[in-house]
Amino acid sequence: MHIVLVGPGRIGAMLMPRLQQSGHNITVLSRREYGDFFNPVYDPGTACAAVSACDAIVLLAGLFELHANEERMGQANATGPIRVAENLHARFPKAQVIAFLDARIQRPADALPEAIRPYMASKRRLARWVHGAALAWGRCCGTRVNAIAPGPVLAPPNKAHSEKGGACLTPRPTIEDIGAALDFLLATPSVTGQILYVAAGQQLL
Ligand SMILES: NC(=O)c1ccc[n+]([C@@H]2O[C@H](COP(=O)([O-])OP(=O)(O)OC[C@H]3O[C@@H](n4cnc5c(N)ncnc54)[C@H](OP(=O)(O)O)[C@@H]3O)[C@@H](O)[C@H]2O)c1
């Protein structure tokens with residue numbers, strides 16, 4: 001399978017060897033190629049046009065910030081990555097999509113610390129897009145669109161925006177757990193419109 005990793009970051013880099021060992025061909029689309037989501041003339045079209053093969057799009061790109069404004073988080077976690085997926089879908093309509101959310105989308109907004117509400121709102125927006133695209137692209141092209149909602153796997157990369165991992169019901173999710181979820185979604189033709197929580201039960205708390 002030809003898999004395009006969009007904004008691979010840390011989790012993507014750790015998943016890559018596993019995907020390659022499974023025989024997949026990986027194309028990395030990084031910020032350098034698709035552009036910065038905050039750039040006023042952001043347009044991932046050229047980067048997407050350069051992709052020569054794609055059976056699966058894994059949307060990892062995203063940004064965690066505390067006390068950010070909603071528009072900024074919306075650009076980084078919804079509008080920006082969605083535009084890459086839409087550009088790739090226009091070229092490869094049958095390519096399945098797997099987006100990365102956050103397990104806490106499950107909680108009511110007023111149960112979340114105020115500092116992360118804009119971030120969570122943007123991930124919720126991406127989750128709504130996943131369901132909408134699963135329906136629309138499923139109807140038009142039989143295309144699958146799913147998501148993984150991780151719990152605390154790694155601490156945020158920016159020390160100025162660090163937070164505690166939070167309570168879990170089981171041992172915390174690992175990269176191997178995320179890899180297993182990805183393998184399942186990649187390989188299971190009847191699963192679409194699904195959000196797979198790999199979150200040690202964090203979504204229930
Ligand atoms: N790590 C966790 O425990 C955890 C928990 C819940 C959800 N998630 C979600 O899982 C996904 C992967 O997590 P991760 O920890 O691997 O993320 P990460 O290391 O922070 O990587 C994020 C990726 O997004 C790109 N990106 C960030 N800001 C951007 C911008 N303004 N314009 C364009 N690209 C931008 C980064 O590009 P650069 O490399 O150029 O900076 C990087 O490739 C994310 O969507 C995250 O929200 C992760």
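**Chatting through a predicted model**

Visitor: Okay, and where does His67 lie?
Guide: You'll find His67 in the loop between strand S3 (56-59) and H4. His67 also has a positive phi of about 55°, although it is not a glycine.

Visitor: New topic: how many residues are in the largest nonpolar core?
Guide: That core has 58 residues. Those with the most contacts inside it are Val6, Ile57, Val58, Leu59 and Ile98. Helix H5 (residues 117-141) gives the most to this core, with eight residues.

Visitor: What does Val58 touch?
Guide: Leaving out residues up to four places away in sequence, Val58 touches Ile3, Val4, Leu5, Val6 and Ile98.

Visitor: You mentioned H5. Which arginine is found in it?
Guide: Arg125 is found in helix H5. Arg125 is partly exposed, because 18 other C-beta atoms lie within 10 Å, a count that falls between the limits for exposed and buried.

Visitor: And what does Arg125 touch?
Guide: Gly74 and Ala78, again not counting residues up to four places away in sequence. The C-alpha atoms of Arg125 and Asn77 are separated by 8.4 Å, with the two residues 48 apart along the chain.

Visitor: Let's do strands. How many bridges join S1 to S2?
Guide: Five bridges join S1 (residues 2-6) to S2 (residues 25-29), and the two strands run parallel. From S1 the chain crosses through helix H1 (residues 9-21) to S2, in a right-handed β-α-β crossover.

Visitor: What stands opposite Val4 in S2?
Guide: Thr27 does.

Visitor: Last one: how many residues surround the ligand?
Guide: There are 25, and the closest are Gly9, Ile11, Arg31, Gly62 and Val153. H1 and helix H4 (70-91) are the elements that give two or more residues to this shell. The largest share, four residues, comes from H1.

Visitor: How many of the shell residues are nonpolar?
Guide: 15 are nonpolar, with six polar and four charged.

Terms used:
Residues are numbered from 1 along each chain as its sequence is written. This is a predicted model: local features need pLDDT of at least 70, side-chain atom pairs count only at pLDDT 80 or more; totals for chains, interfaces and linings use all residues. A nonpolar core is a set of buried Ala, Val, Leu, Ile, Met, Phe, Trp, Tyr and Cys residues joined through C-beta atoms within 7 Å. A residue is buried if 20 or more other C-beta atoms lie within 10 Å of its own, exposed if 12 or fewer, and partly exposed in between; C-beta atoms are placed from the backbone. Two residues are in contact if their C-beta atoms, placed from the backbone, lie within 7 Å. Two strands pair if DSSP finds at least two bridges between them. A crossover is right-handed if, with the strands pointing away from the viewer, the path from the first strand over the helix to the second runs clockwise. A residue is near a molecule or strand if its C-beta atom, placed from the backbone, lies within 6 Å of it. Ala, Val, Leu, Ile, Met, Phe, Trp, Tyr, Cys and Pro count as nonpolar, Asp, Glu, Lys and Arg as charged, and the others, Gly among them, as polar.
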